[in-house]
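Please look at the sequence and the three-dimensional structure shown here before reading on. The paragraphs after it are meant to be read with both in view.

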Number of protein chains: 2
Amino acid sequence: MDFKNKLENAQKKNNSLVCVGLDPDPENLRGAKDQFEFNKKVVDETAEFICCYKPQIAFYGAAGIKGFEDLKKTIDYIHKNYPKIPVLLDGKRADVGHTSEMYAQEVFDFYDADAVTVIPYCGFDSIKPFFQRSDRGVFVICRTSNQGASDFQDLLVGNEPLYLKVAQKIIDWNKRYPNVFLEIGATWPEEIGSLRKLAFSMPFLIAGIGAQGGDLEGTLNNGLTKDKKGLIISSSRGIIYAQNPKEAAQKLRDEINKYRN
Amino acid sequence: MDFKNKLENAQKKNNSLVCVGLDPDPENLRGAKDQFEFNKKVVDETAEFICCYKPQIAFYGAAGIKGFEDLKKTIDYIHKNYPKIPVLLDGKRADVGHTSEMYAQEVFDFYDADAVTVIPYCGFDSIKPFFQRSDRGVFVICRTSNQGASDFQDLLVGNEPLYLKVAQKIIDWNKRYPNVFLEIGATWPEEIGSLRKLAFSMPFLIAGIGAQGGDLEGTLNNGLTKDKKGLIISSSRGIIYAQNPKEAAQKLRDEINKYRN
């Protein structure tokens with residue numbers, strides 16, 4: 001089964017658009033003995049309320065070899081115990097062609113992620129090796145949630161901001177590679193609306209809900225597809241560091257679902 | 001000693017602008033038992049002719065945990081045996097602020113690289129955590145060597161291509177963070193000339209000489225500073241997979257130095 005089907009099945013089964021960002025700060029593991037044990041607890045508590053797990057690879061790299069081992073163990077654990085829930089590895093990878101092929105091997109063959117995030121700046125051939133893995137998903141970042149995103153992403157190319165030019169390319173690429181989707185920050189609900197008008201059924205990965213101050217209501221009003229799907233709404237610190245991750249995941253799911261009825 | 005001084009001392013001592021890209025394909029190790037042993041041989045043969053080593057992290061990630069261990073061992077080996085030669089870890093890292101801090105820990109604290117490459121698409125705050133490590137170097141990619149680079153980097157913002165807007169920002173950042181430099185592909189000698197006019201003394205990392213078809217003569221004619229420095233010219237496959245890496249490194253050094261006299 002390809003990534004998109006796996007995702008949509010998980011969204012349906014758990015009636016949820018919530019994605020949990022598994023980003024455990026190695027300096028803040030709340031008593032867990034390592035990042036894997038931290039993640040295992042979060043996964044076991046949240047698996048029935050969410051549609052996707054999204055570990056950010058940098059949080060593991062910061063812990064060196066032990067971190068990479070814990071990331072691999074985490075992904076293996078999810079595949080084994082929750083085989084219907086996809087794992088999206090947030091790696092923001094990209095480089096010139098030959099090197100991106102190596103990144104694709106890292107992400108899809110070694111870590112066995114179902115999907116990945118990539119950066120578009122170097123153009124089509126720099127991310128094509130990911131696109132070619134037709135059973136895996138590729139989310140190209142478009143408009144990120146941080147303030148500095150405007151430094152380049154908002155520069156006007158003709159009458160349109162750069163991020164819309166990027167979005168148009170992503171939509172083009174999606175015609176040839178239906179496993180290519182886009183990522184946008186929840187801090188930009190108007191921009192999410194602009195993109196939804198261009199890509200009326202494409203899954204969008206929405207980052208920045210919670211600690212980064214994203215706008216959930218605006219995101220949903222502007223981003224949902226006509227059939228009230230099409231979004232993967234990621235929250236990390238708001239769930240994994242909640243007093244009760246299970247309740248936090250359920251609460252976010254239910255809050256989102258109010259806009260889907 | 002900070003990265004820039006370390007680099008310039010190595011350039012002077014070995015009379016060389018050559019950087020060796022340590023990118024061993026895990027499927028093509030020419031009889032070496034692992035990536036570390038492959039690199040060790042290349043490093044021992046080339047260290048007197050070059051000014052920098054640049055491992056590309058993707059080539060190690062493709063080999064999983066063993067690859068990460070071999071990358072760490074390679075960097076430790078260079079620091080111990082050739083302490084005057086800096087290591088630039090080519091990771092093309094970047095993400096929103098909090099995550100980039102984790103990448104900075106991976107690259108500078110765990111791997112102990114002297115410098116890193118980053119992608120500018122997400123703006124200043126997404127790469128500031130790297131800039132703040134004032135003893136380390138940060139190369140922001142600007143105009144890459146691949147064909148697809150033109151998809152976005154050449155889009156006109158006003159009258160200027162995006163990559164020049166990026167270059168202007170890099171030059172601004174360099175005023176506050178003198179450890180910030182830029183990277184450009186050797187396939188674009190005219191663009192290198194445009195950038196040299198904007199940043200007359202900044203070190204540029206030049207990628208794509210050799211297998212990627214970069215233009216060495218054009219790069220040097222357009223990119224050298226007035227005092228015939230300012231470039232770090234990276235070659236990977238052309239040296240590490242040469243019949244005789246020592247001769248290949250020496251030959252490239254000497255060829256470059258013809259333009260420096």
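The model is a predicted one. Chain A contains 12 helices and 10 strands. Its radius of gyration is 17 Å, close to the 18 Å that the globule rule gives for 261 residues, so chain A is as compact as a globular protein of that length. Along the principal axes, the C-alpha trace of chain A spans about 55 × 45 × 35 Å. Of the 261 residues of this chain, 58% count as buried. Among the contacts in chain A with a separation of 6 or more, 72% are between residues 24 or more positions apart.

Next comes the relation between the two chains. Chain A is superposed on chain B by a rotation of 180 degrees with 0.0 Å of shift along the axis, and the RMSD is 0.0 Å. The two copies are thus related as by a two-fold rotation axis. In chain A, the C-alpha nearest this axis belongs to Val157(A), at 2.5 Å from it.

Where the chains meet, 44 residues of chain A are in contact with 44 residues of chain B. The elements of chain A that each supply at least two residues to the side touching chain B include helix H4 (64-81), helix H5 (97-110), strand E6 (156-157) and helix H8 (162-176). H5(A) gives the most to this side, with seven residues. By residue class, the side of chain A that touches chain B divides into 22 nonpolar, 14 polar and eight charged residues. Of the interface residues of chain A, 100% are also interface residues in chain B, so the copies meet through the same surface.

Two helices of chain B can be followed in detail. Helix H12 of chain B covers residues 245-257; at 1.5 Å a residue its 13 residues should span 18 Å, and its end C-alpha atoms are 18 Å apart, which agrees. Pro245(B), Ala248(B), Ala249(B), Leu252(B), Arg253(B) and Ile256(B) are buried in H12(B). Seen down the axis of H12(B), the buried residues fall within an arc of 130 degrees, so they line one face of the helix. They pack against strand E1 (18-22), helix H2 (35-46), helix H10 (216-223), strand E10 (231-235) and helix H11 (237-240) of chain B.

Helix H8 of chain B, residues 162-176, has 15 residues and reaches 22 Å from its first C-alpha to its last, close to the 21 Å expected at 1.5 Å a residue. The buried residues of H8(B) include Leu162(B), Lys165(B), Ile170(B) and Trp173(B).

Some individual residues complete the account. Met1(A) is placed in the segment before helix H1 (3-13) of chain A. With 11 other C-beta atoms within 10 Å, Met1(A) is exposed. Met1(A) and Arg136(A) are 135 residues apart in sequence, and their C-alpha atoms are 9.4 Å apart in space.

Most residues other than glycine have a negative phi. Arg30(B), although not a glycine, has a positive phi of about 50 degrees. Arg30(B) is found in the loop between E1 and H2 of chain B, and is exposed, with 10 other C-beta atoms within 10 Å. Asp112(B), also not a glycine, has a positive phi of about 60 degrees. Asp112(B) lies in the loop between helix H5 (97-110) and strand E4 (115-118) of chain B, and is partly exposed, with 15 other C-beta atoms within 10 Å.

How values were computed: Residues numbered from 1 in each chain as written. Chains lettered and ligands numbered in written order. Predicted model: local features only at pLDDT ≥ 70, side-chain atom pairs only at ≥ 80, totals over all residues. Least-squares fit on C-alpha atoms with pLDDT ≥ 70 in both. Contact = placed C-beta atoms within 7 Å. Helix = DSSP H or I, 4+ residues; strand = E, 2+ residues; numbered from the N terminus. Nonpolar A, V, L, I, M, F, W, Y, C, P; charged D, E, K, R; others polar. Rg over C-alpha atoms; globule rule 2.2 N^0.38 Å. Buried ≥ 20, exposed ≤ 12 C-beta atoms within 10 Å, placed from the backbone. Expected span 1.5 Å × (residues − 1). Arc of directions from axis to C-beta.
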